[in-house]
Amino acid sequence: MDSTATDRFDTSRFEASRNRLASLAYRLLGSATDAEDAVQDAFLHWQAADRQLIKVPEAWLTKVVTNLCLDRLRSAHARRERTAGAWLPEPLLDSDPMLGPADTFEQRESVSLAVLTLVERLSPLERAVYVLREAFSYSHAETAEILDITESASQQHLHRARRHITAARRGGGEVDPASARRIVEEFLAAASSGHTERLVALLTDDVIAISDGAGLTEKLLRYDTPQRVAAIARGGFKSTPAKQRLAGGPSAVHFALVNGAPAMLFVVGDQVVGAVTFDIAGGKIAMVRGIAAPARLVRLTEAWRKHGPDTPLISQW
């Protein structure tokens, strides 16, 4: 095999792993953009390596991507960004291959916005062990090899990670699509009606709402208590000329599943300009996230453009 044919063969081997590597990087970083960058950096490492010495390409690439992500998490820039109070995970449409694998509940939960947010409280190593074990089912021996730690350390990191996430988890498991849509429709109807009591009845007693302020604020906007969240929702879902100008025109409001959770997408033309996601517990809304910073919606918009047309909940908002 000549060198050109060898390069094509080796490139095809990398491409066969690209989606899995991107899914790993997304779970570790919470950002599709950063995940894509990490995978591209791994490709450069792959091209520069003596590939004849790499016995198991999948294991080698997993180790490279994991450590590239850990380097990013430990960087001064990442620490500033993630501790400044302005960080939220990047939402992805449920059809996005970056959300895979999704065969088990643990795999699907590991990519939920709730868990992606909670892993921010973990150390980089705890996060890596949690993702490798829960989402990709690596053994402790394999995880230890990837991270250059002992099996005992891998077990300890996983125990701490599970304990922290279990203690802070607010959601109540998975919601079937029909129930998810019903909850979103009820929330939208209540928010649009102006009746605070109807909204409060849909919320848990310890509900929290978080907004990125469309990227216009340095820190996340946070609201608690059902009454405050209901008041914010009423004001937020009232369409005004100023909001339409900010969005680029009147929006259509669509139901969607985002990272496995029910959501409303605000769409102008074929551009997603806002996403509101919901965590459900006991049939009520426990968490509302408003995401409208353009940088967080790039990949979601790309996926939406490939999405088949559906009937919006509101055709013009």
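**Entry 1: ground rules.** I note that this is a predicted model, in which local features need pLDDT of at least 70 and side-chain atom pairs count only at pLDDT 80 or more, while totals for chains, interfaces and linings use all residues. Residues are numbered from 1 along each chain as its sequence is written, and side-chain values use heavy atoms, with hydrogens and water left out. I take helices (H or I, at least four residues) and strands (E, at least two) as DSSP runs, numbered from the N terminus.

Entry 2: I traced 6 strands that form an open sheet with mixed pairing, in the order 2-1-6-5-4-3, where two strands pair if DSSP finds at least two bridges between them. The edge strands, each of which pairs on one side only, are strand 2 (221–224) and strand 3 (252–258). From one strand to the next, I find that the twist averages 20°, with axes taken as lines fitted to C-alpha atoms, for helices over the stretch in contact, and angles running from 0 to 180 degrees between N-to-C directions. Strand 4 (residues 261–268) and strand 5 (residues 271–281) run antiparallel and are joined by 6 bridges.

**Entry 3: helices on the sheet.** I then followed helix 10 (residues 177–193), which lies across strand 1 (203–211), strand 3, strand 4, strand 5 and strand 6 (284–291), and runs at about 145° to strand 3. Helix 14 (residues 298–306) also packs on the sheet, where it touches strand 3, strand 4 and strand 5, and its direction makes about 95° with that of strand 5. Contact here means heavy atoms within 4.5 Å.

**Entry 4: aromatic rings.** I counted rings of Phe, Tyr and Trp (its six-membered ring) as pairs if their centres lie within 6.5 Å, with planes under 30 degrees apart as stacked, over 60 as edge-to-face and the rest as tilted. By this rule the count comes to 6 aromatic pairs. One of them that I followed up is F187 with F278, an edge-to-face pair at 4.9 Å centre to centre and 65° between the planes. This pair links distant parts of the chain, since F187 is in helix 10 and F278 in strand 5, 91 residues apart.

**Entry 5: helix 2 against helix 3.** I see helix 2 (residues 32–48) packing with helix 3 (residues 57–74) at an angle of about 130°, their axes 9 Å apart. Helix 2 and helix 3 are therefore oblique to each other, given that angles under 35 degrees count as roughly parallel, over 145 as roughly antiparallel, 65 to 115 as roughly perpendicular and the rest as oblique. In helix 2, the residues that meet helix 3 include D34, D37 and W46, and their counterparts in helix 3 include W60, L61 and R72. The residues of this contact divide into 10 nonpolar, 1 polar and 4 charged, where Ala, Val, Leu, Ile, Met, Phe, Trp, Tyr, Cys and Pro count as nonpolar, Asp, Glu, Lys and Arg as charged, and the others, Gly among them, as polar.

**Entry 6: two loops.** I found S137 in the loop between helix 7 and helix 8, and S137 has a positive phi of about 60° although it is not a glycine. A cis peptide bond joins G100 and P101, with omega about -5°, and P101 lies in the loop between helix 4 (76–83) and helix 5 (105–109).
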